[in-house]
Amino acid sequence: MPRFKEIRQWAHDRNLIEGSDRFRQMVKLVEEQGELAAGIAKGNEALIIDSIGDMVVVLTILAEQSGLRIENCIKLAYLEIKDRKGRMIDGVFVKESDIEA
């Protein structure tokens, strides 16, 4: 199973880091997001799996272009949410601070 290091190497080997830019990767991410939405809307599990994987690849490239490591971005996001409290409202988790606002 590829890891982030291998994804970065794959992207470097294909000039996707230096040969592209963050704007184009963001556009690619939105394209993949659209495919994910289509997969969910159609109940197409194969498309859902493919789209999520593609989005992780694009996010890894975007982080690398930004001088960041996706692993660190994920770690910081987890540290921010790990103790978050809130509740489900209409199937969406709403953090406590947004409920009280």
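# A walk from helix to loop

Select E32 to begin: this residue is buried, with a relative accessible area of 5%, where buried means under 20%, exposed over 50% and partly exposed in between (1.4 Å probe, protein chains only). The model on your screen is predicted, so local features are described only at pLDDT of at least 70 and side-chain atom pairs only at 80 or more, while totals for chains, interfaces and linings use all residues. Residues are numbered from 1 along each chain as its sequence is written, and side-chain values use heavy atoms, without hydrogens or water.

K28 counts as partly exposed, because its relative accessibility is 32%.

Now colour helix α1 (residues 4-13) and helix α3, whose axes come within 10 Å and cross at roughly 75°; the axes are lines fitted to C-alpha atoms over the stretch in contact, and angles run from 0 to 180 degrees between N-to-C directions. The two helices α1 and α3 are therefore roughly perpendicular to each other, a label for angles of 65 to 115 degrees, with under 35 counting as roughly parallel, over 145 as roughly antiparallel and the rest as oblique. To see where they meet, show F4, I7, R8, W10, A11 and H12 in α1 together with V56, V57, T60, I61 and E64 in α3.

Is T60 buried or exposed? T60, which lies in helix α3 (residues 45-65), counts as buried, because its relative accessibility is 1%. When its neighbours within four places in sequence are left aside, T60 is in contact (heavy atoms within 4.5 Å) with F4, I7, R8 and I70.

Select E64 and R8, whose side chains meet in a salt bridge with an N to O distance of 3.9 Å. Since E64 lies in helix α3 and R8 in helix α1, the pair ties together parts that are 56 residues apart in sequence. Both ends of this pair count as buried, E64 at 18% relative accessibility and R8 at 10%.

**Fourth stop: a pair with more open surroundings to inspect.** Move on to K82 and D83, which form a salt bridge with their closest N and O atoms 2.9 Å apart. K82 is partly exposed, with a relative accessible area of 41%, whereas D83 is exposed at 55%. The count for the model comes to 9 salt bridges.

**Last stop: two loops.** Most residues other than glycine have a negative phi. Select N15, in the loop between α1 and α2, and you will find a positive phi near 60° in a residue other than glycine; N15 counts as partly exposed at 44% relative accessibility. Then go to D90, in the loop between β1 (86-89) and β2 (92-95). D90 has a positive phi of about 55° although it is not a glycine, and this residue is exposed, with a relative accessible area of 78%.

Methods: Helix = DSSP H or I, 4+ residues; strand = E, 2+ residues; numbered from the N terminus. Salt bridge = Lys/Arg side-chain N within 4 Å of Asp/Glu carboxyl O.
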